[in-house]
Amino acid sequence: MSGTHSHTVAFVRDTMLPEQAPPASEVGAIGWARHNLFSSWFNAILTIASLAAIYFVLAAIVPWILSPTWDGTSLSNCRETLAAAGHGDAHGACWGVIKERWIQLIFGFYPSHLYWRPIAAFVLLGVALAPVLFSDRVPSKLLIFSLLYPFIFPWLLWGGTIWMPIAAMAGFVIGGLVYKFASQALSTLLGVILGAAAAVIWWMVLAAPVSGALESILPIGIEAVESRKFGGFMLSVTIGVVAIACSLPIGIVLALGRQSDLMIVKYICVGFIEFIRGVPLITLLFVASTLLNIFMPPGTNFDIILRVLIMVTLFASAYMAEVIRGGLAALPRGQYEGADSLGLDYWQAQRLIIMPQALKISIPGIVSTFIGVFKDTTLVSIIGLLDPLGLSNAIRADANWNGIVWELYGFIALLFFVFCFSMSRYSMYLERKLQTGHR
């Protein structure tokens, strides 16, 4: 045919087109909003409704927060300041109460000339925790200070003679020596029992007379502070730190005891865990504040904060034991068999193979328990201790600040959030570091 083309047509391109930038509607903030907020008509309606709700909430809260009342001397003075600033119906927070009482909310009734002691105690707490929390970034020699810190911490807060914390430290040394010799001569279990018994006898019977005798010979100490002067966040952090630090090792022992083949040990641990978990913490605090004195010998002065520390620690230990038992149960049987094949005894297997893996698996549960324990410290206000909530009631009883509610509770909630959020973020950091999701 005369109309037929004589040349060939290629249907497959043999050259590459130059790269072009993606459409502006598919990348960046616009692209993200299109795919996540306006991907359909229903999502667009929800997005617009949510933005409207956020706007109305912020429109009410932000002016309330930004009220110019930091120099207020009373609630009535704050209202006058707000009215003069043009806030309708005196709408706004009265931040003068925080400016006036924030030190009291943090330190309670602790003597003002001794504020350096709790500040030093909590700064040193960070130093002591550094080799434990960030072992790959901190010199391992700091572990020596971490071991000494549990004896420095109460001495700084309560004061008194320096011989008492040294005597408490000596109890661990005596218990360790008794365990070493008894485990070599008898058995590991008897060594643990005798070592613990020797330490308890030293603390209950001999520590006080020995420290008193040393104090009479060489008096060294700092000004003592009564427990009734403790309060505010200093009290909450003290109870929380002690309960968290002590509940983890006790919980590990209880978890191992619950899985023990020794019937007596198993039933004691099971009974303790189930009893503590079946009783509200507030009940245990009432027992600590009232009933314990009935069972103590006449004339015994058992410090109220020490009683609370013991009860909160035991309460947290029971929950910690179940969290760690869950981590132990999650380990495959092959880990135990591998430890046996290596010729490791029970304690070596737990220390080197089983427990490190169980603790790694249990990190989220452990940190959740820590956060719960720290928040539960506010319950001590019910038994008369002036934690931040107890102090807020005392502050509102003042005629100048009668009627203040949200400002105090908001400030307290913010401080608790900072502590709890920090623990949560560290938990996430530790999970990423140990790669708990990749086994």
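Good morning. Contact here means heavy atoms within 4.5 Å. Helices are DSSP runs of H or I with at least four residues, numbered from the N terminus. The model is predicted, with local features needing pLDDT of at least 70, side-chain atom pairs counting only at pLDDT 80 or more, and totals for chains, interfaces and linings using all residues. Residues are numbered from 1 along each chain as its sequence is written, and side-chain values use heavy atoms, without hydrogens and water.

I begin with a helix pair. Helix 5 (residues 116-133) and helix 6 (residues 142-158) have axes that come within 9 Å and cross at roughly 160 degrees; axes are lines fitted to C-alpha atoms over the stretch in contact, and angles run from 0 to 180 degrees between N-to-C directions. Helix 5 is therefore roughly antiparallel to helix 6, a term for angles over 145 degrees. Among the residues that meet are Phe122 and Leu125 from helix 5, and Phe145 and Tyr149 from helix 6. The residues of this contact comprise 19 nonpolar, one polar and one charged.

I turn now to the cores. A nonpolar core is a set of buried Ala, Val, Leu, Ile, Met, Phe, Trp, Tyr and Cys residues joined through side-chain atoms within 4.5 Å, where buried means under 20% relative accessible area with a 1.4 Å probe, protein chains only. Which residues touch the most other members of the largest nonpolar core? They are Phe230, Val308 and Val312, out of 35 residues. Helix 12 gives the most to this core, with eight residues. Beyond its neighbours within four places in sequence, Phe230 is in contact with residues including Leu157, Trp158 and Ile305.

Technical notes. Helices (H or I, at least four residues) and strands (E, at least two) are DSSP runs, numbered from the N terminus. Angles under 35 degrees count as roughly parallel, over 145 as roughly antiparallel, 65 to 115 as roughly perpendicular and the rest as oblique. Ala, Val, Leu, Ile, Met, Phe, Trp, Tyr, Cys and Pro count as nonpolar, Asp, Glu, Lys and Arg as charged, and the others, Gly among them, as polar. Buried means under 20% relative accessible area, exposed over 50%, partly exposed in between (1.4 Å probe, protein chains only).
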